[in-house]
Amino acid sequence: MRLCLNKNFLKKMETTVIAQTNGEQQKAPRRPRPLISRAWSENFDDVEVPGTPKTPRTSTTPGHEKCTFHHDLELDHRPPTREAMLPEMARSYRLLLASLGENPDRQGLLKTPERAAKAMLFFTKGYDQSLEEVLNDAIFDEDHDEMVVVKDIEMFSMCEHHLVPFYGKVSIGYLPCGKILGLSKLARIVEIYSRRLQVQERLTKQIAVAVTKAVQPAGVAVVVEGVHMCMVMRGVQKINSKTVTSTMLGVFRDDPKTREEFLNLVHSK
């Protein structure tokens, strides 16, 4: 398969160059650039692809020859194990403590950089998990076409804007089409995407899309209610504020009665 990149090069095939000769304007046609044709296996360093990291690292980049993971747009690169990141992360936390005017060598802070690095790895462990691994074939053929709802799943995440926590609960509903998902897998899907640097709006949609990929239901509905520490302990400091987001896919978006049934089940005690 070959890819022809011609749109950017042929927009102005009739571009002209204007020259002044004896007070008159003369137009000379400019020849269009030739088409560029590349195989998919070739490198596209000079082609800007939206969403691609500005400085992507590959296995040929010095210092990354033994790395095995370079293709996730959310986490461009990681060492072979998460533990391998601890020394560098601990050094960064030590520098942060010193920048705050603290003494990283005093007794109470001596092991804080390493503890903080381990905690951050735990808070973001979702980067190491995939939907396929978590599902573990817990998808079953079942002649059930009524709504399945699991509500009030606890959720903890990290605000990507301020690196402070937000937490709350997630309710998920789906309408099966011949396949059902192990109930605990819905909670594990929440863990995959909440244990990352997140915004609640994206988290809500990612959960809904993951359930859709897992069992291809007639529809999926997700409601997330969260308390954001970036609004509680800083900024406007509104301790009673809650943020509610929802994603409705398939029949939950198209059919008001189905959507209403789900919302009634979620809000019932």
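**Exercise 1: Cysteines**

Cys230 is buried, with a relative accessible area of 11%; buried means under 20%, exposed over 50% and partly exposed in between, using a 1.4 Å probe and protein chains only. This is a predicted model, in which local features need pLDDT of at least 70, side-chain atom pairs count only at pLDDT 80 or more, and totals for chains, interfaces and linings use all residues. Residues are numbered from 1 along each chain as its sequence is written, and side-chain values use heavy atoms, leaving out hydrogens and water.

**Exercise 2: A ring pair**

Task: work out how the rings of Phe252 and Phe262 are arranged.

Step 1. Rings of Phe, Tyr and Trp (its six-membered ring) pair if their centres lie within 6.5 Å; planes under 30 degrees apart are stacked, over 60 edge-to-face, and the rest tilted.
Step 2. The count comes to two aromatic pairs.
Step 3. In one of them, the centres of Phe252 and Phe262 are 5.8 Å apart and the planes are at 75°, so this pair is edge-to-face.
Step 4. Phe252 sits in helix H7 (residues 251-254) and Phe262 in helix H8 (residues 256-267), so the pair ties together parts ten residues apart in sequence; helices here are DSSP runs (H or I) of at least four residues, numbered from the N terminus.
Step 5. Phe252 is buried at 0% relative accessible area, and Phe262 is buried at 0% too.

Note on methods:
Helix = DSSP H or I, 4+ residues; strand = E, 2+ residues; numbered from the N terminus.
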